[in-house]
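The sequence and structure are shown first.

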Amino acid sequence: MSTVKYSKEHEWIKVDGDIATIGITKHATEMLGDIVFAELPEKGSNVEKDGTAGVVESTKAASDVYTPVSGEVVDTNQAIVDDPSKINQDPEDSAWFFKLKIKDPSEMDTLMNKDDYDKFAKETSA
Amino acid sequence: METKKTSLYQLHQDCNAKFVEFAGYQMPIQYSEGIVEEHKFTRNHSGIFDVSHMGQLFIYGGEDLIKDLEKIFPLDLKNLKLNHSKYSFLMDKDAGIHDDLIITKTNEGFLIILNAACKDNDLKILKELLKEKYKMVLDENRSLIAIQGPKSSEILDDVVNGVKDLNFMSGNWFSFENQKVYITRSGYTGEDGFEISIANDFVDKLTRELIKKGSKLIGLGARDTLRLEAGLCLYGHDLDKDKTPVEANLKWAISKERISKGDFIGSDIIIKQLNNGVSKIRVGIKPEGRIIAREKTKIFNQSDVHIGEITSGTFGPSVNGPVAMGYVENQFSKKNTKVFLEVRGKKHPASVCSLPFYKKSYVKGVN
């Protein structure tokens, strides 16, 4: 069974075994507007929890993408680099950003579940 | 200071606008469909822009006014035909730009459209220069909307009969609900279109009529991507007091006749720069790939020497790629010169290109 959790920086993370898939939430895409550029971390690189692991840009501005947990980047989604509008269309499924081999599973405990994140998103955007 | 609202505020809200504060006004940055869709709708169909925050300065006067304004603006106003418009600038004595503007000759004098953030200062400067000789009204009782895009002529003509006969950069008085509206065939998107000056109490009704005929409200976000694709300058970014019209590559807007006389504010510097060249100049910049270079991005030459800076940069939805403009040292301003842009610490290849990025022809000869 897979678990989905959420960060305060509006990333979602889905874990299957020791592999995590990470992307940005629908709420994040609504705040950003039309996404026209995406930059992903390099395959094989190591990223640290809460560190920068990519960039998205809308017509208005650039925003960093952070990784909610530490690990080694094992895969990246070239499809969203080639067509960034896919991120607006399907942010929480096919438009994932990168996959990590998780370094420390206990880091997952610091993240929010769906109900808590929805509440957090509502409060912070009000 | 409390932010002001335009007379279309309620309509913006009804259309689910996201607002931003701009030059002291609550203005719509985008509506529910988003900047890319709004941009494309304007290019392919027709978009309405609330630009009521811009200044509408009416100056009343005759022959003396023409002479006095020619001391200020580098234009041949004497030979400008009634109801015809010109793009120009208000400059200081060093030819630094206080504002860029559109000036139209009316039957009572001139109408000058000023940038929102500059209008109060412009009025102060013009009052000092004209020494209370003429009645000047920065009219807060009139709204200004633009309707832009290929279907705009048909849509507006359905509501205000006769506008489709206007030529580009000319205008006239028309009637809507028995109100006098001043309409010019102009705009700032690179599309055919019109700007409409109308009493505040009637702008909501007019705009709703235009929406009923198939046009849509478009936010400031798409206005920015549209004007940048069209290679047009935004004051406070591409133009300011540290830049002259020659450096801004806008010498086409300076009357040759007036240069030969050299009797307007800033003319010494303009003539010097036209004769001797400039050290920096505004160019189009096309990044390779998809990287977006925003304002203040540093530009380097192939030997890694810093040669300039981006002043506007975004993603162009019609170009389907990044577009930018900026100032570079003159020797690197030739088309196709290879440069590098420093974005997030990395240098990305780009090239100098001619403007605009996106070109359509304006309607010139309907009559």
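In chain B, the buried residues of H6(B) pack against helix H1 (9–14), strand E4 (47–50), strand E10 (142–148), helix H5 (152–159), strand E11 (171–176) and strand E13 (193–199). The model is predicted: local features need pLDDT of at least 70 and side-chain atom pairs pLDDT 80 or more, while totals for chains, interfaces and linings use all residues. Residues are numbered from 1 along each chain as its sequence is written, and chains are lettered from A, ligands numbered from 1, in the order in which they are written.

Helices (H or I, at least four residues) and strands (E, at least two) are DSSP runs, numbered from the N terminus. Contact requires C-beta atoms, placed from the backbone, within 7 Å. A residue is buried if 20 or more other C-beta atoms lie within 10 Å of its own, exposed if 12 or fewer, and partly exposed in between.

Helix H6 of chain B spans residues 200–212, and its buried residues are Val203(B), Leu206(B), Thr207(B) and Leu210(B). Seen down the helix axis, these residues of H6(B) fall within an arc of 100 degrees (taken from the directions from the axis to the C-beta atoms), so they line one face. The face turned away from them carries the exposed residues Asp201(B) and Lys212(B). Gly214(B), with a positive phi near 115 degrees, follows H6(B).

An automatic or database assignment provides the domain bounds.

| Domain of chain B | Bounds |
|---|---|
| Domain 1 | residues 1–234 |
| Domain 2 | residues 251–353 |

Their centres, taken over C-alpha atoms, are 27 Å apart. The contact takes 24 residues from domain 1 of chain B and 19 residues from domain 2 of chain B.

Conventions: Contact = placed C-beta atoms within 7 Å.
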